[in-house]
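Start with the strand pairing, then turn to the ligand.

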Amino acid sequence: MSNFDETFDFVIVGSGGGSMCCALTLRNGGKSVVVLEKTPLLGGTTARSGGVMWIPDNRFMKRDGVPDSQDQAHTYMDAVIGDHNDTPGATRVRRQTYVSEGTRMVDFLVDQGIKLNRVSYWPDYNDEAPGGSEKGRTVIAELFNVNELGAWKSKLRPNFIPMMSTLDEMLKLRFLKQSWEAKRIAVRFGLRTIFAKLTGKHYVTAGAALQGRMLQANLKAGTDFRTETAVKELIVENGRVTGVVAEVGGQLKRFGARLGVLVNAGGFAHNQAMRDQYQPGTSAKWTNAAEGDTGEMIREMQRNGAAIAQMEEMVGNQMSIPPGMENEAVKPVVQGMTAAPHAILVDQSGVRYMNEAGSYMTYCQGILARNKTVPAIPSHAILDSQYIKKYGLITSPFPSARKPQEWYDKGFLKKADTIEELAGQLGMDPATLRATVDRFNGFVAKNHDDDFNRGDRAYDRWLGDRFHPKNASLGSISEGPFYSVPVVPGDVGTYGGVVTDEKARVLREDGSVIEGLYATGVSTASVMGRAYAGAGASVGPSYVWGYVTAKHVLASA
Ligand SMILES: Cc1cc2nc3c(=O)[nH]c(=O)nc-3n(C[C@H](O)[C@H](O)[C@H](O)COP(=O)(O)OP(=O)(O)OC[C@H]3O[C@@H](n4cnc5c(N)ncnc54)[C@H](O)[C@@H]3O)c2cc1C
């Protein structure tokens, strides 16, 4: 064997979701583990994220009497993901392993003291499909007092929600004006913040709570974490991956791995050259993935023979980026904007082209597909005054007629007394936009969107305004002045990468296994194929395949 500077049973590249889960499982099995992270912060995009995991048939659903089963989950995944020759990440055997191991993984984490729960109501993104769950299969970590990490606190990547509120609460707070439940949540949130200040606690939420809890459990279990350690190469001896070369403080260091290496190094959201090659029309300027998401480990695995697939896919997240926010690390996503009443999305010719209340992934797939035939990047959200009076816009959750003057001055927010005048400002044919709006208003009057069935699903209505009469997602665009903002196909990460089997082992083009090499998360071709089953369909798989890796390593050792 080569000379190594340090040797462990197992080496993990990147500190994302699967990394934390794999390391904890391996430490539980008595193996030595090091996690090598390129940036100064631990937790990856996962820590920044909502931190929710889509895990069918989980213990919290059973506890709360929410119906589900392994079979029901398979039926749903078969319906929304399906069997396709060009999605080798989503083979039937991988889908089945995902479901069975996901259930076990949640039990394992709870047994390890990780405080998890379910989100009370977050419909699957195709809840209308066979096997779909209206209440949802989404698991989340409870708020975490990050002060418990002591000196490691400053090493945890912060979350996109700076408040001490759960994601579930945040989702309900948007109805503060209409809902007593939301008002109670606001009071609880206020009291919690005061209590935390008085008692010296600092609660973090969502992905930071999940990754923070996992970091704490791993530190207790003896996992070794190294930050600012960028892996450059895999070491391969006699066809087996036996370690990695990493750059530490300007020096190259060789880390030996007796039982194998897991790559959990994210995707290529910040690599414009890879985006141009695989996802033309998308931009590294429109991603909310953490800065370490630069794709070099996918390339390094490829260099060592790994097959890649599903590289065209990203977890789309529609964005409307006001002037001055172009360089923010987390740019404004507008998931609910055109799912709410009194709003539609049109292409640059003024035509509606999709159900605007679909999941963020299908929404951005829709924009990119439309753009192949009609200019649609950006597309334009068309809103009326009812919308402006009832709902917040982009950066503010609260309604207000006053918007930053710069938005108007820079032509980002357009305002006109008539639809025709608005069309003129947008360079569209006024008659076309008028016809689009009239047709949509006709659907609102009959309470059914005959073109795209918007508002038919529980998911659409959940994303809309549940206090709106008749249909939570359908309301006329009829009261001037009228407004528009541009919408681009942003993302929270890419969704293709190396092909792995049901043990999370990396495969070559011919289907053979690269011994000693495992991969998880968005470094891999997703088990979800080209679909997004429900909230947590990225963090969930990262965790589950990390767990599967550890079990395979322990069983083989
Ligand atoms: C605001 C926001 C909200 C989101 N909400 C959710 C959600 O609730 N649920 C969900 O499923 N998805 C969500 N997503 C998407 C999801 O967070 C990501 O797709 C997912 O976290 C990716 O996880 P991962 O484990 O693959 O990688 P990551 O968590 O990104 O971890 C990869 C790590 O590897 C490191 N790395 C990269 N290259 C190297 C190298 N050469 N050497 C060493 N280290 C390296 C990176 O710096 C990074 O820390 C959200 C994303 C954002 C931005």
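Strand 9 (residues 229-237) and strand 10 (residues 240-248) run antiparallel, joined by eight bridges. Strands here are DSSP runs of E with at least two residues, helices are runs of H or I with at least four, and both are numbered from the N terminus. Two strands pair if DSSP finds at least two bridges between them. The model is predicted: local features need pLDDT of at least 70, side-chain atom pairs count only at pLDDT 80 or more, and totals for chains, interfaces and linings use all residues. Residue numbers start from 1 along each chain as its sequence is written.

Val236 faces Val241 of strand 10 across this pair. Two residues separate the strands of the hairpin, and Asn238 has a positive phi near 50 degrees.

Strand 10 also pairs with strand 11 (residues 251-263), again antiparallel, through six bridges. Here Val245 lies opposite Arg254 in strand 11. This hairpin has two residues between its strands, and Gly249 in the turn takes a positive phi of about 55 degrees.

Now the ligand. The shell around it holds 43 residues, and Gly16, Gly44, Gly50, Gly292 and Gly521 come nearest. A residue is near if its C-beta atom, placed from the backbone, lies within 6 Å. Elements that give two or more residues to the shell are helix 1 (17-28), helix 2 (44-48), strand 9, helix 10 (296-303), strand 17 (482-494) and helix 17 (539-556). Helix 2 gives the most, four residues.

What is the makeup of the shell, by nonpolar, polar and charged residues? It divides into 16 nonpolar, 22 polar and five charged. Ala, Val, Leu, Ile, Met, Phe, Trp, Tyr, Cys and Pro count as nonpolar, Asp, Glu, Lys and Arg as charged, and the others, Gly among them, as polar.
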